[in-house]
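Work through the exercises below with the sequence and the 3D structure open. Try each task before reading its solution.

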Amino acid sequence: MTEYRHREEPREPVRAPEGSPPVFNLHGVVVGLSLVCIAIHVFRTQFLSPQDDARLLIATAFFPIRYAPELFTPNLPTLLSPITYAFLHGSWAHLGINIIWFSVFGSPLAYRIGWRRSLIFWIVTAVFAAAAHLVIYFGDTGPVIGASGAVSGFMGAAARFGLRANRREPRRG
């Protein structure tokens, strides 16, 4: 009895046709900022005791009461908390929703303005969101955490540009 073996010819890998868009269009700065937020949340939830987490929140969350004239002290938390609060989140759901919206609206803007300007835009919109909260809730003792203010800035800017981005030749930041 003879055995016949079917000999397959080598095949070339299947490739997407030229000009087809990638499955995910996340810009590197969006991925990077999201990973920083995730890493901080993992650190807070997995490695810090409740007391240490409270100390971290006091040092890095935005508290409008810090800016009341009778309590104002120009120290590091007072100067940096309008930025650092945007990297803290109250829960995994809070973090996840912010990352989803940031992915949707942040990438088109990042492709349009580049990674450096996107990073600066994150900081500026976080500071403006904290300032708006300060004006509305001046003297409030509750902490403000989350990237919602920065993400809202990206949403507004992306809406302004009509979510159009040239991903084939993104502008260098």
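The exercises go from the overall fold to single side-chain pairs.

The model is predicted, so local features need pLDDT of at least 70 and side-chain atom pairs count only at pLDDT 80 or more, while totals for chains, interfaces and linings use all residues. Residues are numbered from 1 along each chain as its sequence is written, and side-chain values use heavy atoms, with hydrogens and water left out.

**Exercise 1. The fold**

Task: State how many helices and strands the protein chain has, and how much of the chain is buried.

Solution. Step 1: helices (H or I, at least four residues) and strands (E, at least two) are DSSP runs, numbered from the N terminus. The protein chain has 6 helices and 0 strands, in the order α-α-α-α-α-α.

Step 1: a residue is buried under 20% relative accessible area, exposed over 50%, and partly exposed in between (1.4 Å probe, protein chains only). Of the 173 residues, 32% count as buried.

Step 2: a contact means heavy atoms within 4.5 Å. Among contacts in the protein chain with a separation of 6 or more, 82% are between residues 24 or more positions apart.

**Exercise 2. Aromatic pairs**

Task: Classify the ring pairs F62–Y85 and F102–F154.

Solution. Step 1: rings of Phe, Tyr and Trp (its six-membered ring) pair if their centres lie within 6.5 Å; planes under 30 degrees apart count as stacked, over 60 as edge-to-face and the rest as tilted. The whole structure holds 9 aromatic pairs.

Step 1: F62 and Y85 are 6.1 Å apart centre to centre with 50° between the planes, and the pair is tilted. F62 sits in the loop between α2 (50-60) and α3 (76-84), and Y85 in the loop between α3 and α4 (92-113), 23 residues apart. Both F62 and Y85 are buried.

Step 2: the ring centres of F102 and F154 are 5.0 Å apart with planes at 80°, so this pair is edge-to-face. Because F102 lies in helix α4 and F154 in helix α6 (residues 148-160), the pair ties together parts 52 residues apart in sequence. F102 and F154 are buried too.

Step 3: ring pairs join F87, F102, F121, W122 and F154 into a cluster.

**Exercise 3. Salt bridges**

Task: Locate the salt bridges of D53 and D52, and decide whether their residues are buried or exposed.

Solution. Step 1: a salt bridge is a side-chain nitrogen of Lys or Arg within 4 Å of a carboxyl oxygen of Asp or Glu. The count is 2.

Step 1: D53 pairs with R44 at 2.6 Å, N to O, and both residues are buried.

Step 2: D52 pairs with R55 at 2.3 Å, N to O. D52 and R55 both lie in helix α2, 3 residues apart, about one turn of the helix. D52 has a relative accessible area of 33% and so is partly exposed, whereas R55, at 53%, counts as exposed.
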